[in-house]
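Take a walk through this model, one site at a time. Keep the coordinates open as you read.

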Amino acid sequence: MASALRPPRVPKPKGVLPSHYYESFLEKKGPCDRDYKKFWAGLQGLTIYFYNSNRDFQHVEKLNLGAFEKLTDEIPWGSSRDPGTHFSLILRDQEIKFKVETLECREMWKGFILTVVELRVPTDLTLLPGHLYMMSEVLAKEEARRALETPSCFLKVSRLEAQLLLERYPECGNLLLRPSGDGADGVSVTTRQMHNGTHVVRHYKVKREGPKYVIDVEQPFSCTSLDAVVNYFVSHTKKALVPFLLDEDYEKVLGYVEADKENGENVWVAPSAPGPVASSSWPVILKPKKLPKPPAKLPKPPVGPKPEPKVFNGGLGRKLPVSSAQPLFPTAGLADMTAELQKKLEKRRALEH
C-alpha cells in the first residue's frame, strides 16, 4: 500500500531585520546607570535603537536625537590618556556616555550622528574616504526622508497657544511650527527670543508655492521641505533658535487647555504672571517682512443712520478669532481659572524661597 504523500513543509516566515544607517555593538551608560550596558545599536533617522542582540527584531530602548547639542570625546575615569573608545552624547536635558571597541568605531558613530542631526558630512573626524562616501549616501537618504515627514516641532495649535507654549516651557525650545492662521495651504513659525532684556515673540508666514515653502521674511527664502524651514531659522540665528520638543507627554500639557464649544478648538489658559525666564540670551533675531503702511487719508463712508452696536461678554463688539494678533480678553470663566493658576504659581514660588 502506497504511503500517503505528505504536503511539503512551509518554512516559517522570518522577520525582517531593521534597516539602519549604521549599526554595531555599543555600550551605553545613562544618567541613572551605575555601569555600562552592552547593546546592539542602530541609527535610523534621528533615533538610535538599542537591541539585546544583533538577531533581535524588537528594540528594548531608543534615544531621540531631536534635542542634540554636541558630541565630546571622553577619557575613562583613572586614565591619563584618551584610548579612543569613549565618547559622550550631550542632549538638551541629559548626557549619555558610550563605549566602543575601537577608535574607528567611535569616529563612525560620531560621524553618522553628526550627519543626521546637522544634515552635513563632518570633515573634522578621523575618517577614510570610504566612510565619508557612506555618510554622503546617508545624508541623501535622510534629506529624502525628512522631505516627506512633519518636523517634531510642528503642533496643531493656534497662534495664541503657540505663544503660551513657548512662554510656559522655555526649556523645551523657542521655535514652533503650526498651521497657518489664514487657513491657506501653508504653515506659520512662532519664535521667542531675548532681545535687549525683553522676550520678543515673532510670527512668520511660510507660504506653499507648488512643491516649495517660501518663508516670508525681508528677503523671501525658498525651502524644499518643512524640515528645511526649521533648519533655515536654526542656522540663520547660529543655533539660537531651538526647535520646540516637549520632554513630557503632550496630554499632560493639555491640562492647561479649555475647549471652546462654539468652534471645537482648544483655547489655552495661562497664568497672568509671565512664564519662566529662559537662561540664555539670543544674539540674532530674524525680522519678519514689513507690511506696507496704510494710506494717510481714507475715503469717508457715506453718512447714514448708525446701527445699534451688539455687545457680547461685557464690551467686545465681535469675537476675535484665536489666531488674531489682537489681545484676547478672557471671559469670566477663563479669568477665574487664570486667577487660580496665579495663586498656585505664587504659592509654589513662596515654597521655593
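Helix 1 and helix 2 cross with a right-handed sense. The model is predicted. Helix 1 spans residues 103–118 and helix 2 spans residues 129–147. Their axes come within 9 Å and cross at roughly 30°. That angle is under the 35 degrees cut-off, so helix 1 and helix 2 count as roughly parallel to each other.

Now look at the contact itself. Helix 1 contributes Glu 104, Glu 107, Met 108, Gly 111, Phe 112, Thr 115, Val 116 and Val 117. Helix 2 meets them with His 131, Met 134, Met 135, Val 138, Leu 139, Glu 142 and Arg 146. Eight of the contact residues are nonpolar, three are polar and four are charged. The spacing follows a general rule: an α-helix has 3.6 residues a turn, so residues three or four places apart point the same way.

Just after helix 4, Lys 238 adopts a positive phi of about 55°.

Is His 20 buried or exposed? Its relative accessible area is 15%. Buried means under 20%, so His 20 is buried. Beyond its sequence neighbours within four places, His 20 touches Gly 42, Leu 43, Gln 44 and Tyr 51. Gln 44 lies 24 residues away along the chain, yet the two C-alpha atoms are separated by 4.9 Å. The His 20 side chain makes polar contacts with the side chains of Glu 23, at 2.7 Å, and Tyr 51, at 3.0 Å.

How values were computed: Residues are numbered from 1 along each chain as its sequence is written. This is a predicted model: local features need pLDDT of at least 70, side-chain atom pairs count only at pLDDT 80 or more; totals for chains, interfaces and linings use all residues. Side-chain values use heavy atoms; hydrogens and water are left out. Axes are lines fitted to C-alpha atoms, for helices over the stretch in contact, and angles run from 0 to 180 degrees between N-to-C directions. Helices (H or I, at least four residues) and strands (E, at least two) are DSSP runs, numbered from the N terminus. Angles under 35 degrees count as roughly parallel, over 145 as roughly antiparallel, 65 to 115 as roughly perpendicular and the rest as oblique. A crossing is left-handed if the near helix is turned anticlockwise from the far one by less than a right angle, and right-handed if clockwise. Contact means heavy atoms within 4.5 Å. Ala, Val, Leu, Ile, Met, Phe, Trp, Tyr, Cys and Pro count as nonpolar, Asp, Glu, Lys and Arg as charged, and the others, Gly among them, as polar. Buried means under 20% relative accessible area, exposed over 50%, partly exposed in between (1.4 Å probe, protein chains only). A polar contact is a pair of N or O atoms within 3.5 Å; within protein, one must be able to donate a hydrogen and the other to accept it, and residues adjacent in sequence count only if both atoms are side-chain atoms.
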